[in-house]
Every structure is written in structure tokens, then in C-alpha cells.
Amino acid sequence: MRSTAVRRTAVAAAAVSLALFAAGCGGSDSGSDSDGKGADAKGKGSAAAKPAAKALTAAELEKVALAQGDVKGHKVSEVAAKDMISVDDIKVEKKVCAPLADALMGAQVGEPGAFTKRTVVSEPKKGSMDKQDDADAEEAFKAAFDITTTQLALGSYDGKGAEESVASLRTAATECAGGFDFTAAGEKQKVSKITEERIKGGEDAAAWTVQVEQDGEKIQFKLVAMRQGPSFASFSSMNLATMGGGGDFELPTAVVEAQAAKLA
């Protein structure tokens with residue numbers, strides 16, 4: 001069976017997850033005053049005089065991107081070039097849906113001045129391996145593989161690029177809520193449903209549950225968009241225990257909070 005593009009985004013992370021299993025490791029922006037007037041709004045006047053946001057350099061972005069040890073109970077690693085899917089590999093029939101497809105596949109959204117990626121994998125819950133000989137082997141297996149893999153795509157933008165990236169995802173999630181088709185790395189994908197979730201993080205954040213149908217299976221993703229200053233991060237997560245069988249899992253809140261803290 002040929003591998004699909006959605007699975008390809010998590011190949012490296014899944015390998016890390018299996019290795020862990022085998023080892024038994026267990027404020028918002030101020031409104032700008034365009035004419036600089038209004039002595040009664042010092043904050044607005046300051047915002048008007050403030051230079052436009054400038055993207056971090058590639059080196060600066062690497063320093064604030066998540067690293068191993070930044071998220072308790074998670075393994076953080078850089079993404080190998082061979083495991084990346086770029087925006088050029090993603091084709092969407094409905095242009096308005098493109099930002100969501102790009103974020104879902106871990107590609108950049110918009111045109112960041114600097115861009116980097118990380119894979120963040122939750123460690124198996126303590127005690128899950130102890131249940132492997134229990135009568136309910138299926139439940140023990142699910143517990144052992146209750147591992148969430150998050151593809152973190154982090155970019156820094158000039159001007160209002162970061163704000164526009166969050167806005168474009170919100171628009172896509174609304175306009176494409178009923179589903180849409182797209183092609184990633186030459187393989188057809190189908191988003192069948194998008195449901196909004198609640199999340200807090202950075203200066204602005206939004207989240208959704210995205211259901212993807214593939215080879216007759218339904219795969220559920222959690223997608224988070226978060227902005228902090230001139231930087232924007234998308235978090236596309238899947239859970240090994242729920243792949244192919246439906247079910248739900250939690251948003252990667254610890255990962256989002258840790259990345260927001262490093263950007264602050």
C-alpha cells in the first residue's frame with residue numbers, strides 16, 4: 001500500500017513514539033491611531049508611532065523555537081527535510097481553504113521572513129505498559145499508544161503577516177466547515193468536517209478539530225493557530241490510539257503554552 005501524504009507528515013514522529021513505547025519511557029494588540037492624534041489615548045499614540053513589526057531572522061527564530069526539555073512529558077525534535085511537505089506540494093481547489101490545508105500538513109502559512117519546524121511527541125502515560133498482560137489487552141494496547149504527535153510550524157513575519165495568518169485560518173475554517181478536497185504531494189485528501197474548539201495562547205489563538213477521510217478511514221486532527229508578536233505558529237496534531245478508529249483526544253495545550261512562552 002502506498003503511503004499517503006497525511007501519514008508522511010508524521011513518519012518521523014511515529015518512529016519516535018514507537019521507540020518510546022518499546023523502551024517503556026514513561027496583551028492583545030493596541031488599536032493604532034492612524035493620524036497620531038488623541039491625547040486621551042497614550043497607548044494608541046504609542047502604537048501609531050511604533051515601527052511596523054519586523055520578522056525575526058532565521059537564527060533568532062531558531063532560538064525561540066521549542067527545543068528538547070521545553071515541554072514536560074514530551075520529546076521535541078527538528079524535522080528532517082525529507083519529511084517536510086511544502087506549500088508547493090499542496091493544491092486546493094477552493095483558494096479560501098488553502099491556509100487550513102497548509103497548516104494541517106505542517107507547511108508555512110502566508111509568507112514568513114523566517115520559518116522552522118519541530119515535531120513534538122507526548123510520552124506514553126505512566127503505567128500503560130504495566131497493563132500489557134491484563135485480560136483487556138485491547139484497552140491496554142490503546143493506553144500504551146495514547147501518544148499525540150504535533151507538527152509545529154513556526155514562522156516570523158514583517159508587518160501584519162502574523163495577524164493575517166491567524167485571520168486566514170479563521171476564515172478558512174468558517175468558509176470550508178462543510179469540508180473540501182485537496183492534494184498533498186500528489187495524493188488526494190478529503191477534509192470532511194471542521195469543528196471549532198476553545199483555546200488560549202499567546203496574543204491570539206484559535207483551534208479546531210479537523211476530520212480527514214483517507215483510504216476509507218477517518219483520521220482526526222487537532223489544529224491550533226497561535227500568534228505572539230510578529231510570529232505565528234500552527235500546531236497540527238494526531239493521536240496514534242485514535243487513528244483509523246475515530247475517537248477524540250485533547251488539544252496540545254502544553255505545547256502551545258510552551259511555544260507562546262518562548263516567543264513572549
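Let me start with helix H8, residues 253–263, which lies across S1, strand S3 (114–122), strand S4 (148–156), S8 and S9 and runs at about 20° to S8. Helices (H or I, at least four residues) and strands (E, at least two) are DSSP runs numbered from the N terminus. Contact here means heavy atoms within 4.5 Å. Axes are lines fitted to C-alpha atoms, for helices over the stretch in contact, and angles run from 0 to 180 degrees between N-to-C directions.

This is a predicted model: local features need pLDDT of at least 70, side-chain atom pairs count only at pLDDT 80 or more, and totals for chains, interfaces and linings use all residues. Residues are numbered from 1 along each chain as its sequence is written, and side-chain values use heavy atoms, without hydrogens and water.

Now the sheet. Its nine strands form an open sheet in the order S1-S3-S4-S9-S8-S7-S6-S5-S2, with antiparallel pairing; two strands pair if DSSP finds at least two bridges between them. S1 and S2 are the edge strands, each pairing on one side only. From one strand to the next, the twist averages 25°. H7 also packs on the sheet, touching S6, S7, strand S8 (217–228) and strand S9 (231–239), at about 45° to S7 in direction.

Last, the disulfide, meaning a pair of cysteine sulfur atoms within 2.5 Å. The structure holds one, joining Cys-97 to Cys-176 at 1.9 Å, S to S. The torsion about that S-S bond is about -100°, so the disulfide is left-handed. Cys-97 counts as buried because its relative accessibility is 0%; buried means under 20% relative accessible area, exposed over 50%, partly exposed in between, with a 1.4 Å probe and protein chains only.
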